Amino acid sequence: MTAPHQRRPTPNPPAGPAAVSTAAAEHLPPAYPARAAWGTASRLRAWQAEALQLYLERQPQDFLAVATPGAGKTTFALRIATELLSGGVVRRITVVCPTEHLKTQWADAAARVGVQLDPSFRNAQGRHGASFDGVALTYAQVAANAALHRARTSAEPTLVILDEIHHGGDALSWGDAVREAFEPARRRLALTGTPFRSDTSAIPFVEYVPDRDGIRRSKADYSYNYGDALRDGVVRPVIFLSYSGQMRWRTKAGDEVSATLGEPLTKDMTAQAWRTALDPRGEWVPAVLQAADQRLTEVRRSVPDAGGLVIATDQTAARAYAKILHSITGDPAVTVLSDDDGANQRIEDFAAGDQRWMVAVRMVSEGVDVPRLAVGVYATATSTPLFFAQAVGRFVRARRRGETASVFLPSVQHLLGLANELEIERDHALDRVLTDEEKGAFYNPEDALVAAANRTEQASDGLLPGFEALEAQASFDKVLFDGGEFGTGAEVGSVEEQEYLGLPGLLEPEQVATLLRARQAEQIRAQKRQAGAEAARRANAGVDDHRRRQAARKELSSLVSAWSRRSGKPHGVVHTELRSRCGGPEVALARTDEIEARIAMLRKWFVGRG
């Protein structure tokens, strides 16, 4: 094997792109087109240089590089492309990526190092123009005409860069098409920031090796995970702020159900409580968006162009969230919907601008570089580990030392588990891992199939038609950071919540952990003082006030019903407004004096005061 950066002389090498420059690729910002991380603007990052050396030593036909979002996979791939073009190993480059927007992004980056890619190539053309060194395609485009792309790949020695290669397993037809189209390639470079999938569809051109349990798992040629990048200062640490609250909804059968988001519930109950929380007509979404915007304001004190992103479940919710943000901030939020012709341009304009908020469904969940994104709201019901990692990856691209990312989450145990496991490296498994119960003596394969069906994402879909969200209240739950949990719950707008929202925008990871521990300790001390004072108050009262409390709750219920009829507002909304004005928990947990304060407030409303 030749040494790194040394290529075998090729007699009469075929003419390649004259402007290709390995030097330019060397000096491309390490995370192009994002701004380079501190101290790395004029050189390859250590992982990029190490992976490049490994590639040049091996000269493999297939190479899989797994690197966390924001680490600089584009720069690494283009450096390899310029090496292979300059050495005459290949004459053409084909880049395959998940979205139309990423095609343009790849073409812009390649042009910086003298490689001209056509991002507007269409299958109907048959071949690209003579002025281009290759094309940028989507996986869907390849699947639409695999034979065409196989012919193109066979016509010239080609390097195929498969960006976010796990999309090759999105559907059986896609995987077959990618394999058919690019099997003749001289070289294939596969890239991914999220190597794991929640299914068992094989990813083309990826090697699978059995582990000690016989489970076939993907094998990367080079890995650089989030934990590595965090230690190197290449990515931002992420603070997760989770919000709980009381949810109430009506089922298809007409039954009214109430539950607290984040409490141990069945899968169906969790899904319905989660869906209720995300309903823009409830109080949960506005409260969380208000908190997220407050956090963004704090971050912008240190990072003036910091932006926020809300990831919505669907287009209807995205539009509604944008309206709520407009009412909170006074500024219109940029809304990115996949069926809008100008969606890609709006993403680019937002990335280069200083607007506060963008709302999107899926378009900004993977691969799109908006390095100024620092605050996110995960307001979607999508819960796969793959999507979650992709979404969080939008916020971790570091530009300067001390930046942190803040992501707001619903308190759903599955999501909190994914947040706590962010640094765990995963491989794609082709075989389903059996549970301990399934491995037991009474394991029945047919029972396992039934259990697998019950575990799918669609388990609760049958209960959702006729579903109606009735009430969604929000409460601050806790903060997750570096595998730890901080905070013991608090009301929205409380001093305790403000302490966490007000964390400085520029902090080293060690400083973040120190501050979180200190604020949790103070919160616990304050709760103990309050509990002691409450115990003393009750002791001094000398009598049980249950009769007074019962009468107060009855009077409050009557007054709320009357005000609901008069104002046209649902009961739940009236109760939420009273809690916001008077403080205290929900009625069932409120003290008698807190209930009486709400009664007094309602009486003022009836006479036009308060």
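How far apart along helix H4 are Glu100 and Lys103, in residues and in helical turns? Point 6 answers this.

1. **Ground rules.** This is a predicted model, where local features need pLDDT of at least 70, side-chain atom pairs count only at pLDDT 80 or more, and totals for chains, interfaces and linings use all residues. Residues are numbered from 1 along each chain as its sequence is written, and side-chain values use heavy atoms, with hydrogens and water left out.

2. **The open sheet.** Start with the seven-stranded open sheet, whose order is S3-S4-S2-S5-S6-S1-S9. Its pairing is parallel. Strands here are DSSP runs of E with at least two residues, helices are runs of H or I with at least four, and both are numbered from the N terminus. Two strands pair if DSSP finds at least two bridges between them. Strand S3 (117–118) and S9 are the edge strands, each pairing on one side only. Look at S2 (residues 92–97) and S5 (residues 158–162): five bridges join these parallel strands. Val95 has Ile161 in S5 as its bridge partner. As background, strands of a sheet pair through backbone hydrogen bonds, either parallel or antiparallel.

3. **The hairpin.** Now compare an antiparallel case. Strand S10 (residues 238–250) and strand S11 (residues 256–261) pair in that sense over six bridges. Arg250 is bridged to Glu256 in S11. The two strands form a hairpin, with five residues between them. In the turn, Gly254 has a positive phi of about 95°.

4. **Ser242.** This residue sits in strand S10. Ser242 counts as buried because its relative accessibility is 0%. The scale is: buried under 20% relative accessible area, exposed over 50%, partly exposed in between (1.4 Å probe, protein chains only). The Ser242 side chain makes a polar contact with the side chain of Ser411, at 3.3 Å. A polar contact is a pair of N or O atoms within 3.5 Å; within protein, one must be able to donate a hydrogen and the other to accept it, and residues adjacent in sequence count only if both atoms are side-chain atoms. Contact in general means heavy atoms within 4.5 Å. Leaving aside neighbours within four places in sequence, Ser242 has contacts that include Leu409, Phe476 and Leu480.

5. **The nonpolar cores.** A nonpolar core is a set of buried Ala, Val, Leu, Ile, Met, Phe, Trp, Tyr and Cys residues joined through side-chain atoms within 4.5 Å. The largest one has 128 residues. Among those with the most contacts inside it are Phe76, Ile93 and Trp284. Helix H10 (residues 284–302) gives the most to this core, with nine residues. Another core lies apart from it, with 22 residues, including Phe121 and Phe205. Back to Ile93: beyond its neighbours within four places in sequence, Ile93 touches Leu85, Val115 and Ile161, among others.

6. A salt bridge is a side-chain nitrogen of Lys or Arg within 4 Å of a carboxyl oxygen of Asp or Glu. The structure holds 23 of these. Glu100 forms one with Lys103, the closest N and O atoms being 3.1 Å apart. Both lie in helix H4 (residues 100–111), and because they are three residues apart, they are separated by about one helical turn. Glu100 is partly exposed at 38% relative accessibility, whereas Lys103 is buried at 0%.

7. **Salt bridges across the chain.** Arg399 forms a salt bridge with Asp305, with closest N and O atoms 2.9 Å apart. Arg399 is in the loop between helix H13 (385–392) and strand S16 (405–410), and Asp305 is in the loop between H10 and strand S12 (307–312), so the pair ties together parts 94 residues apart in sequence. Arg399 is buried at 8%; Asp305 is partly exposed at 23%. Asp221 also forms a salt bridge, with Arg58, at 3.5 Å between the closest N and O atoms. That pair links distant parts of the chain, 163 residues apart.

8. **A salt-bridge network.** Arg248, Arg250, Glu256, Glu468 and Glu471 are linked in a network of salt bridges.

9. **Cysteines.** A disulfide is a covalent bond between the sulfur atoms of two cysteines. The rule used here is a pair of cysteine sulfur atoms within 2.5 Å. The count is zero disulfides. Cys97 is buried at 0% relative accessibility, and Cys582 is partly exposed at 28%.
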